[in-house]
Amino acid sequence: MASSKEYVNYVLEQLSDLDEVSHRAMMGEYIIYYKGKVVGGIYDNRFLVKPVKSAAALMPEAQYELPYEGAKEMLLVDNLEDRGFMAELFNAMYDELPVPKKKKKK
């Protein structure tokens, strides 16, 4: 089941206080970037983030869920209504996220 446009727009609206948030559609789901780094994604109308230490510390009760079969577990964000929390979460996670690999030109 692909995520609905309504849910994607809702998540993006909740992140609108942050600069440099972007997204990319991928096979009916959406990857979420913050300042060029992958923070997480929207899968089956669930907002999941990478399980870095800072995210786990800010959401100690968060459930680990699979975004899709065969993927690594991610943390379910269920506090989307709190924009201040969302900004705190993204800013806390940023330094722990890997720098994207440069694509080789053919």
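Reader: Which residue caps the N-terminal end of H3?
Author: Asp82 does, with a side-chain oxygen 3.1 Å from the backbone nitrogen of Gly84. Keep in mind that this is a predicted model.

Reader: What end-to-end span should helix H3 have, and what does the model give?
Author: Helix H3 covers residues 83-94, and at 1.5 Å a residue its 12 residues should span 16 Å. The end C-alpha atoms are 17 Å apart, which agrees.

Reader: Which residues of H3 are buried?
Author: Phe85, Met86, Ala87, Leu89, Phe90 and Met93.

Reader: And what do they pack against?
Author: The buried residues of H3 pack against helices H1 (5-14) and H2 (53-58), and against strands E1 (21-26), E2, E3 and E4 (46-49).

Reader: Switching to Ser54. Buried or exposed?
Author: Ser54 counts as buried because its relative accessibility is 12%, under the 20% cut-off. Ser54 lies in helix H2.

Reader: Leaving aside neighbours within four places in sequence, what is Ser54 in contact with?
Author: Ala92, Met93 and Glu96. A polar atom of the Ser54 side chain lies 3.2 Å from the backbone oxygen of Ala92. As for Glu96, its C-alpha atom is 7.9 Å from that of Ser54, although the two are 42 residues apart along the chain.

Reader: How does the lining of the largest pocket split by class?
Author: It has 10 nonpolar, five charged and one polar.

Definitions and conventions: Residues numbered from 1 in each chain as written. Predicted model: local features only at pLDDT ≥ 70, side-chain atom pairs only at ≥ 80, totals over all residues. Heavy atoms only, no water. Nonpolar A, V, L, I, M, F, W, Y, C, P; charged D, E, K, R; others polar. Helix = DSSP H or I, 4+ residues; strand = E, 2+ residues; numbered from the N terminus. Expected span 1.5 Å × (residues − 1). Buried < 20%, exposed > 50% of the residue type's maximum accessible area, 1.4 Å probe, protein only. Contact = heavy atoms within 4.5 Å. Polar contact = N/O pair within 3.5 Å; in protein donor to acceptor, adjacent residues only side chain to side chain.
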